[in-house]
Each structure stands twice: as C-alpha cells, then as structure tokens.
Amino acid sequence: MAGRIGFVGLGVMGGPMAGHLVKAGHDVLVWNRTASKAAALVQGGARQATSLSELASDSSIVFLCVSRSEDVQACIDELAPHAQPGTLFVDHSTIDPEAAKRIHAQLRAAGHAFVDAPITGGSMGAQNGTLTIFLGGETDDVDRALPYLRAYAKTAEHVGPDGAGQMAKMANQIAVGGALLALCESLSFAKKAGLDLEQAWRLIGGGAGGSWAFQNYGPKLLMSDWSPGFSIDNQLKDFGYCRDAARSIDSAVPLTELAERLLAELQAEGRGAQTTAALYDLYLALPGEK
C-alpha cells in the first residue's frame, strides 16, 4: 500500500472510520461539508482538504461515507475530473444499487475504479473498528481496497459484481427491520404484561429471541434514550432503497414495509432524528386487537 488516502464524509460513521485509518499509520486527507467535523481528526494527525478537487488530486484512493445516492453522485462528479489516473473510489454509503452500477460505469469510463462497499454494525461498530462490509465490484479492485479496510472492519468480503455490495446491504436492512419490530413488539408486550422490563430484556435477549437489536438497542429502550445511533430518517431512506430493489427482482418484503410504515408515523411526529428504537413508544400506544 502506498499513497495518500482521501476520506469524504466525517459523520457518525465516517469520522471514526477515518480515525482508525489515521491510527493505523496511513497518510489521510479528509473533507466534510461541515468543516468543523474534521477538527478532532486533524488533531490526531490527518490533514484537512479545503475542497473535494484538492482531495481528489492528492489521493490515490478515495473513501466516501455520505448519505444518499444523489450525495454520492454529486461527490463523484466533483472528485473524478481532478483524480489521479487509476484512482480507486470506495463508497461506504448505503445507496440505490442501480445508482452504484451507474457510478461503476462512469468511473470505469473515466479510467478509474469503484467498489460499492456499504457497512453495517452501527455507530459502536465504527467506533470499535468492528464493522462488516459488503464489497461489490471487480476482484482486483476489491483486493486493492481490502488492506485498508482492516483498520475498521472485523469482516469485509467480496459479494459479487457491480452493485452487489448494495444488494447485500439491502438484505441486511431487511433483517434489521424485522429485528427492530421483534424487539419493540416483544418488550412492549412485556411492559403491558406487568413484567420487569430489564429482566425480560435480559432473559429474552440471552435466549432464542436474542438479536443484535436486543443487545444494542435494548439498553437504550430501557432508559428511553432515543438519541441516535441510527436515526429514523436514515432508516427510512434505506427502506426506500430496499423497496425499489425488491421490486426490481420481484421479491416480497412485507416486514420491511410494516417497519417503514410505523417508522414513518414517528417521522411525521417530528421524531425523525431519533434512534429507530423509539418505535417502542409507538408500540406502547398501539391498541391491541379486541
């Protein structure tokens, strides 16, 4: 490995990931739309770019961790014309699989390479360097990216060609939605049944009903701590991509559609910035069947 790393997007996930690259001894150039978010990384040894064009011209590999398909596309459109020949772009954002395929084609035509590499593991996974990463693209490009990913991933695997990383992330988000429903439905039932909620969470979570959601969202639910985490707004964004992807392959996703509808109710109440575990509140308010 050689050359400077560029990292675009220093939010809840991207900030810690870039930090792990710095701690691993890499020469990291960072950029974020809100420039102040780079301060801690600069203190730790990163260098801050003043523009995307500067970052592109001074990096041999560029990582992105932003939000929506259109955000990734806008960054790529600004980065690519200034990038060194053969620059590898690795996108950790969760976006529409079809958008990922278009960006693959765009960058390939410009003499660059692209890997769609969405992440899962939540903010704690980013902070602890224990993310799981789904990699889509050409084998040589994936192999080129993998050594860098060891800085913040416990697992990073090549799952298929262009766009396959995003399709794997869609499957992941479908499972996440189901687990969220199970957590909130189970513990709202336990609460209404008069059970000790902490005990119910501990016993259920330690048995066959346990899940990542139980272990990571359960404590927030017990404290009514609805700070993100992963926000309702972001989860709904991902569910929209899930629906579109499911439609494209004729796949039924009724649990995802239910989770989306219930979270949309909270969003309509102005709670979109809260963690998805706030769905527990909605479950408590739902009447049972008569």
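**Ground rules**

I'm working from a predicted model, where local features need pLDDT of at least 70, side-chain atom pairs count only at pLDDT 80 or more, and totals for chains, interfaces and linings use all residues. Residues are numbered from 1 along each chain as its sequence is written, and side-chain values use heavy atoms, with hydrogens and water left out.

**Entry 1: salt bridges**

I looked up how many salt bridges the structure holds. The count came to 14. The term covers a side-chain nitrogen of Lys or Arg within 4 Å of a carboxyl oxygen of Asp or Glu.

I started with Glu138 and Arg108, whose side chains form a salt bridge at 3.9 Å, N to O. This pair ties together distant parts of the chain, 30 residues apart: Glu138 sits in the loop between strand 8 (131-136) and helix 7 (139-149), and Arg108 sits in helix 5 (residues 97-109). Helices (H or I, at least four residues) and strands (E, at least two) are DSSP runs, numbered from the N terminus.

Then I checked accessibility, where buried means under 20% relative accessible area, exposed over 50%, and partly exposed in between (1.4 Å probe, protein chains only). Glu138 is partly exposed because its relative accessibility is 42%. Arg108, at 40%, is partly exposed too.

Next I found Glu198 and Arg202, bridged at 3.7 Å, N to O. Both are in helix 9 (residues 197-205), four residues apart, which is about one turn of the helix. Glu198 has 37% relative accessibility, so I noted it as partly exposed. I wrote down partly exposed for Arg202 as well, at 44%.

**Entry 2: a buried partner**

Is Lys220 buried or exposed? I got 14% relative accessibility, so Lys220 counts as buried. Its side chain meets that of Asp225 in a salt bridge of 3.3 Å, N to O, and Asp225 is partly exposed at 26%.

I also noted a network of salt bridges linking Arg4, Asp27, Arg47, Glu54 and Asp58.

**Entry 3: helix 11**

I moved on to helix 11 (residues 232-248) and checked its span. The expected span is 1.5 Å times one less than the number of residues. For these 17 residues that gives 24 Å, and the end C-alpha atoms are 24 Å apart, so the two agree.

Its buried residues include Ile232, Leu236, Phe239, Tyr241 and Cys242. Among the elements covering the buried residues of helix 11 are helix 4 (69-79), helix 8 (164-192) and helix 12 (254-268). Just past helix 11, I saw that Asp250 takes a positive phi of about 60°.

Technical notes. Contact = heavy atoms within 4.5 Å.
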